[in-house]
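Please find below a colleague's note on the model under review. The points are numbered and may be read alongside the sequence and coordinates.

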Amino acid sequence: MARINEHPILTPSSEATFPLTFQGQVIRALPGEMLSSALFAAGFRTFGKHPKDGSPQGIFCANGQCSQCMVLADGIPVKACMTPAQPGMRIEPLTELPSLPDRQTLPPTGEIETLEVEVLIIGGGPAGLSAALELAEHGMDVLLIDDKDRLGGKLVLQTHRFFGSINAVHAGTRGIDIGVRLASDVSEKPTVRTWLNSTALAVFSDGIVGVLRDDAYVRIRPQMLLAATGAREKALVFPGNTLPGVYGAGAFQTLVNRDLVKAADRLFIVGGGNVGLIAGYHALQAGIDVVGLVEALPQCGGYKVHRDKLARMGVPIYTSHTVLSANGAEAVESVTISQIDEGFRPVEGTERTYACDTVLIAVGLDPVDEFTEAANRFGVPVYTAGDADEIAEASAAIFSGKITGRQIALDMKRTSAPIPEDWARTTAILKSHPGKTIDRTAPTIQTTEDSANRTFRERETPRNDNARSDGELGASPTPDEPSSNGFAFPVFHCTQEIPCNPCTSVCPQGLIHIDEADIRNVPDYIADQVGKACIGCTKCVSICPGLAITLVDTRENVEMANVTIPFEFGDSALEPGQMALAMDVNGDLLGEFWVARVTAMPSNDRTVLVVVEAPRDKAARIAGLRVQEPWVGEPLPDVVRPLEDEDIVCRCERITAGEIRALIQSGMRDINEIKTVTRTGMGACGGKTCQTLIARLFRECGVPEEAVTKNVPRPLFVEVALGTLAGASANPQDSDENVNPTDPHSLDGKVQA
Amino acid sequence: MPAAWAMARSGLRVLVVDKLASAGQGSNKAAIGGIRATHSEPAKIHLGLRSLEIASTWEATYGQPIEWETGGYSFVAHHAREEAILKNLLETQKASGLRIDWYDAEALRERIPSLAPEGLLGGTFSPGDGHCSPMRFGHGLYVQAVKEGAEFLFRTEVTGLETDSARIRAVQTNRGRFEAPIVVNAAGAWAAEVGRMVGLEHPVRPDSHEGGVTEPVAHFLDPMVVDISPGPGSANYYFFQHATGQIIFCITPSPSIWGFDTRETSQFLPMVAKRMVTLMPRLQQLRVRRTWRGLYPMTPDGSPIVGPSKEVEGYLMAIGLCGQGFMLGPGLGEVLDRLVRDALTDDDRIVLEGLSPTRSFGGHAALK
């Protein structure tokens with residue numbers, strides 16, 4: 001674990017670090033960096049012990065929702081993931097209940113302000129920002145609040161290029177850049193106010209939303225509330241699931257992509273949806289080995305292009321497998337997985353253990369819906385957009401926000417312009433799950449005399465079937481037509497229907513086609529139909545968000561093709577003259593080929609184009625280059641067996657599945673009664689993690705959902721200091737308690753001494 | 001639940017019907033957990049003493065941890081008015097055998113060092129009082145009641161009470177009709193509704209109070225601290241540190257918020273936080289975790305209504321506990337049991353006299 005000093009997409013901070021201490025040892029932090037990231041960068045991922053049973057604690061949500069990363073900062077208990085590091089801060093692990101600092105004086109308390117706004121948007125992610133933009137179009141008074149220090153929501157963590165429609169939602173652009181663009185658009189709207197570091201705490205029955213803004217409590221009375229609060233990750237119950245090193249993809253991406261901390265050396269991923277697949281790719285880009293990925297279903301649920309990309313980088317993907325346990329004493333040291341049968345039961349004898357330091361849980365998302373639910377309960381006017389409404393891709397959230405914004409403007413009679421019909425259609429398309437997989441037979445390369453084999457649409461759909469017939473390339477030569485027998489053409493390793501169309505927009509010859517009526521179709525190469533030839537410009541290769549287009553060019557040499565491959569690992573990872581391992585779309589090795597050229601062009605937005613020389617029988621099958629050595633995915637010689645029934649369901653109060661299962665089997669059907677007996681759900685997170693897990697235990701015990709009484713939801717969303725609620729100024733002027741800013745040099749001196 | 005437990009223990013056949021899904025899901029779990037004997041009326045003092053005895057020995061007797069701590073209660077005074085009220089009460093309280101004394105500001109701050117010295121005149125401290133988990137204790141009573149043979153029917157709503165020649169005969173519910181010679185109305189905030197089923201108008205109506213709980217911190221506070229001085233929007237407030245290390249707190253709104261609405265408002269937290277951190281600045285960095293609102297079934301004079309009905313034979317009232325059902329309930333359950341079995345003690349008679357349904361409701365409890 002260390003800082004990431006080189007990254008193919010992100011630019012590491014060049015700011016000077018400053019010293020602080022953890023357990024007396026000097027560590028260094030960047031200005032504005034959260035303590036958790038500084039600790040990780042220094043190699044500490046066990047932050048303390050749980051007061052109940054001494055179990056090691058570390059990062060879990062990295063989002064201020066739980067309290068597992070609590071540390072003592074200058075004697076004050078704080079959440080490490082939400083507390084910026086300060087020069088000279090003295091951090092100590094929290095091993096027992098913290099002592100409340102004995103402040104004898106109280107700063108002046110004030111009245112809590114109540115602010116009236118037309119629309120309050122909770123959440124500055126893709127949905128909230130788009131909604132704000134749409135509301136601004138109608139001149140509406142909008143307050144947008146976000147609990148982070150920058151806008152963009154999870155876009156801030158998305159270093160990959162987005163799928164979707166190039167017209168509607170900036171497809172082909174990296175999530176981080178979409179976030180910046182939306183945020184900058186919003187900042188130009190005079191009627192939209194934005195509050196950062198502002199966490200919604202509760203929607204109250206009097207129509208007021210309590211907000212913690214920096215260290216001040218503010219009450220907001222909106223005429224309309226828009227919850228664009230996104231999603232939270234589902235947790236998973238298995239032995240070792242609370243060890244430091246087991247956490248969600250959001251936490252991982254926060255550490256790696258936001259804070260550029262190499263949070264792991266060897267990562268194992270649980271879950272083959274888009275979140276897990278993308279996180280794996282991000283890990284590779286950060287120089288982290290991805291030991292493997294398990295998916296319980298027979299196929300990964302995420303986009304096939306994401307899956308394929310990961311596979312051909314060299315990451316083993318185990319479908320119909322599950323995690324049996326995370327193993328380790330103070331933190332994760334290994335993970336044990338096994339194959340599962342159709343009933344999702346582990347198959348005896350298939351267990352394997354892999355050394356790893358991090359197990360990333362990416363088994364799905366749940367909407368953050370407590371504000372919507374409270375507002376509905378209290379009759380407060382509310383809309384919900386983005387993932388908070390329905391889990392989908394960020395591109396869908398952008399459009400969902402836009403539509404919801406218009407709907408609110410209509411509701412509040414600030415516009416009479418109805419929602420255009422194609423908006424709803426676009427949203428439906430963007431939200432759709434991956435469609436069928438097309439069997440595209442990899443082409444073989446012939447000479448121009450046999451042009452029929454140059455098009456690769458081995459598909460059942462009748463679309464453009466005539467394209468194949470007699471569009472003889474040689475019959476309609478263009479100025480770019482090569483003089484030799486060789487030619488250039490793109491190969492689409494994109495075989496699954498997903499909403500995406502950037503490739504169609506960049507071809508200067510107009511040779512790539514997706515029916516605009518439904519961008520879920522896979523692209524067709526329509527050179528024959530258009531009567532023009534590919535000029536080998538490689539624009540389609542560099543725009544494809546899925547890195548699923550290569551360009552085969554035999555114009556220089558008909559036997560040895562130049563294959564242009566998109567590569568997002570910087571321009572120094574491979575050099576001309578080196579050998580590269582070329583993989584087919586499934587991740588199988590095709591061979592080792594010379595790298596002819598490595599081109600990094602600014603217009604390609606950090607996607608490097610690598611050209612390898614490959615024989616023509618293999619050229620078109622090359623889909624990517626392996627970046628990870630095969631030994632990374634080797635299992636340990638011995639299987640580590642999990643302990644039974646010790647898996648934690650309520651991680652705040654450390655309640656096991658066994659305890660809860662016993663209560664269910666004794667006849668309990670009211671989750672509130674289970675809470676009474678065990679304290680489950682009474683911890684810092686307030687049931688955000690355990691409630692879905694308890695619901696699953698009920699199902700496992702054969703109790704139908706309608707027989708179960710749910711936990712009564714209670715505010716607050718996150719914990720807030722009494723002094724803040726009292727309107728006391730943030731920094732008590734208590735001289736005896738105030739920390740003397742330590743001279744950084746003296747700390748440095750200590751380390752040298 | 002305490003009545004069911006006590007009666008089943010005495011060998012009576014007991015059925016409890018409750019419209020909610022499990023035990024203690026009404027107002028019990030909204031209680032914050034204090035139990036004291038330091039009341040102002042003899043009836044409540046008797047009930048409180050017995051409740052204290054039951055709660056403080058519960059874990060040792062039944063092996064169920066209810067997170068009990070004998071931390072005491074401290075009523076603090078910052079104005080001559082409170083000092084006078086509290087000092088006046090001391091005499092009655094001491095005469096009833098309660099351990100309670102007045103401490104001047106300095107002495108009180110020795111007991112509770114975190115109290116801000118500003119304006120503190122002093123306060124009472126009663127070391128025998130204490131606090132526990134309302135959820136745990138409530139559930140413990142339920143489990144023991146079941147062990148003693150009491151039956152519970154949850155998700156069962158009472159739809160009517162049958163009488164026959166001014167005698168109770170049966171309880172009708174959405175899950176059937178249950179005959180019983182004795183029916184106890186212990187319906188808390190909903191007591192008046194049940195009373196109407198036998199044609200009686202009970203002077204019980206709920207108002208709501210809001211409570212909250214913080215994150216846990218290392219132990220630093222022993223007693224329940226009660227501040228009975230009025231503030232803007234509140235009549236009093238109180239808090240204690242639970243065995244888990246969490247501070248649990250509550251405020252009494254003024255004017256009262258009448259009705260059954262238990263939805264959280266935005267008013268409570270800023271109001272109670274300001275009072276708490278002013279009284280005890282050490283609390284300023286303590287983070288509030290959760291907040292809720294519960295119902296106090298109030299009576300005109302602030303004291304419970306307990307006893308048999310004159311109009312309907314076999315209909316017993318244990319209603320209008322005025323937010324003290326949790327702390328008085330255990331003692332009261334036993335009194336009801338002895339009432340049913342015609343085994344009342346002299347102390348019980350004092351209790352039933354003080355809380356009689358036919359009393360004049362003109363007075364006011366000095367300490368609610």
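1. Glu653(A) counts as buried, at 14% relative accessibility; buried here means under 20% relative accessible area, exposed over 50% and partly exposed in between (1.4 Å probe, protein chains only). The model is predicted, so local features need pLDDT of at least 70 and side-chain atom pairs count only at pLDDT 80 or more, whereas totals for chains, interfaces and linings use all residues. Residues are numbered from 1 along each chain as its sequence is written, chains are lettered from A and ligands numbered from 1 in the order in which they are written, and side-chain values use heavy atoms, with hydrogens and water left out.

2. Which residue of chain B forms a salt bridge with Glu653(A)? The partner is Arg289(B), with the closest N and O atoms 3.9 Å apart; a salt bridge is a side-chain nitrogen of Lys or Arg within 4 Å of a carboxyl oxygen of Asp or Glu. This pair crosses between chains, from the loop between β36 and β37 of chain A to strand β16 (residues 287-298) of chain B. Helices (H or I, at least four residues) and strands (E, at least two) are DSSP runs, numbered from the N terminus. Arg289(B) also counts as buried, at 5% relative accessibility.

3. Within chain A, Glu653(A) meets Arg679(A) in a salt bridge of 3.1 Å, N to O. Arg679(A) lies in the loop between α15 (671-678) and α16 (690-700), and the two residues are 26 apart in the chain. Both Glu653(A) and Arg679(A) are buried. Salt bridges that share partners join Lys79(A), Glu653(A), Arg679(A), Glu719(A) and Arg289(B) into one network.

4. Over all chains, the structure holds 53 salt bridges. One of them pairs Arg3(A) with Glu33(A), whose closest N and O atoms are 2.7 Å apart. Arg3(A) lies in strand β1 (residues 2-3) and Glu33(A) in the loop between β3 (25-29) and α1 (35-41) of chain A, so the pair ties together parts that are 30 residues apart in sequence. Glu33(A) is buried, with a relative accessible area of 6%.

5. An open sheet of nine strands, with mixed pairing, has the order β38(A)-β16(B)-β12(B)-β15(B)-β14(B)-β13(B)-β3(B)-β5(B)-β4(B). Why is one side of β38 (720-721) of chain A and of β4 (101-104) of chain B left without a neighbour in the sheet? These strands stand at the edges, each with a single partner strand. Two strands pair if DSSP finds at least two bridges between them. Strands β3 (residues 73-77) and β5 (residues 122-126) of chain B run antiparallel and are joined by five bridges; Val76(B) stands opposite Gly123(B) in β5(B).

6. Seven cavities of 30 Å³ or more are found in the whole structure. A cavity is a set of points, on a 1 Å grid over the protein atoms alone, where a 1.4 Å probe fits but cannot get out, and lining residues have an atom within 4 Å of a point. The largest cavity holds about 400 Å³ of space. Its lining has 22 residues, of which Lys675(A), Met682(A), Met135(B), Val213(B) and Trp292(B) are the closest to its centre. The lining of the largest cavity divides into nine nonpolar, five polar and eight charged residues.

7. The second largest cavity has a volume of about 120 Å³. Among its 16 lining residues, Cys494(A), Cys500(A), Cys503(A), Pro523(A) and Cys544(A) are the closest to the centre. By class, this lining has 14 nonpolar, two polar and no charged residues.

Definitions and conventions:
On a 1 Å grid over the protein atoms alone, a cavity is a set of points where a 1.4 Å probe fits but cannot get out, and a pocket is an open set with protein on both sides within 12 Å along at least five of seven lines; lining residues have an atom within 4 Å of a point. Grid points are joined across faces, edges and corners, and a volume is the space filled by probe spheres set on the points. Ala, Val, Leu, Ile, Met, Phe, Trp, Tyr, Cys and Pro count as nonpolar, Asp, Glu, Lys and Arg as charged, and the others, Gly among them, as polar.
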